[in-house]
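Biologist: I have the fold up on my screen and would like to know what stands behind the labels. Can we go through them one by one?

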Amino acid sequence: MRISFIATCLAVLMAVPVSAQYTVYTEGQTSETPGFEVVAAGQTAMGPVEVRRYAPYIAAEIEVEAETNRLAASRGFGPLARYIFGANEPGSRISMTEPVVTAPAAGGTRISMTEPVVTAPTSNEGAYTVQFPMPSPWSLDTLPVPEDARVSLIEIDARTLATQRWLGARTDAAVERATALLMAWIDAAGLRAVGPVAVAQFDSPSVARDRQRWEVQVEVANR
């Protein structure tokens, strides 16, 4: 009965559009994140689980070739960071936001700045896309043109993501455990994953390791 009730509530809530307003992710955070509403929440042995309905947002994106998702994130971060720091026409500086998203590129092995950095949890050789969300005041019409032709500006459609959060290190074991816990929670809630699993990094390496914020994220739909 409880599972059916959760699924019914999610079916109603996931159909409600969200505004493009940006949302503070955690207490003390100052960077913008793409706007979302939490439509369901829970807890696992690893930390909080949320189902979020995201509004559409604009991202700067680059495609890179890499042997692993971590290497792809590293290779893509530099060109995107240079873009927001002024490598554009007319040399405008764009505020940092959250998150950075790294995913296998279309046609490659699919798994799915701002902050966090989002990377696929497993290693997959091939093409990846790396994305920085753009701050809310900007639009496709007003964003400066990247100097690097590899950087493009795209609109991310509205979508619903299930997320598993934890604090600490981003180890393969932590990612695998978070993914397993999230998938089990999704199944129990009467949902199904419809996209690749991603890992979201919300803090720079300068943050103490035991305080670094991470998530695994996956797009979900009703069964």
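Predicted model: local features only at pLDDT ≥ 70, side-chain atom pairs only at ≥ 80, totals over all residues.

Biologist: What makes W166 and W214 a stacked pair?

Modeller: Two values. Their ring centres are 6.5 Å apart, and a pair needs centres within 6.5 Å. The planes make an angle of 20°, and stacked means under 30 degrees. So W166 and W214 count as a stacked pair.

Biologist: What does that pair tie together?

Modeller: W166 sits in strand β10 and W214 in strand β13, so the pair links parts 48 residues apart in sequence.

Biologist: Why is W166 called buried?

Modeller: Its relative accessible area is 5%, and buried means under 20%, so W166 qualifies. W214 is also at 5% relative accessibility, so it counts as buried too.

Biologist: Which residues have the most contacts inside the largest nonpolar core?

Modeller: V51, W166, I186 and V216, in a core of 21 residues. At least two residues each come from β1, β2, β10, α3 and β13. Helix α3 gives the most, with 6 residues. Another core, of 18 residues, lies apart from that one and includes A66, L80, I94 and Y128.

Biologist: How do you know that the buried residues of α3 are on the same side?

Modeller: The buried ones are A174, V175, A178, T179, L182, W185 and I186. They cover an arc of only 130° around the axis, which puts them on the same side of α3. A173 and E176, on the other side, are exposed. Among the elements covering the buried residues are β1, β10 and β13.

Biologist: What is the span of α3 set against?

Modeller: Helix α3 has 17 residues and reaches 24 Å from first C-alpha to last, close to the 24 Å expected at 1.5 Å a residue. After α3 comes G190, with a positive phi near 80°.

Biologist: Why do you say that strands β3 and β7 pair?

Modeller: There are 8 bridges between β3 and β7, which run antiparallel. Pairing takes at least two bridges, so β3 and β7 pass.

Biologist: How many of the residues of β7 are buried?

Modeller: 8 of its 8 residues, so with buried meaning under 20% relative accessible area, β7 is mostly covered.

Terms used. Residues numbered from 1 in each chain as written. Heavy atoms only, no water. Helix = DSSP H or I, 4+ residues; strand = E, 2+ residues; numbered from the N terminus. Expected span 1.5 Å × (residues − 1). Buried < 20%, exposed > 50% of the residue type's maximum accessible area, 1.4 Å probe, protein only. Arc of directions from axis to C-beta. Contact = heavy atoms within 4.5 Å. Core = buried A, V, L, I, M, F, W, Y, C linked by side-chain atoms within 4.5 Å. Phe/Tyr/Trp six-rings, centres within 6.5 Å; stacked < 30°, edge-to-face > 60°.
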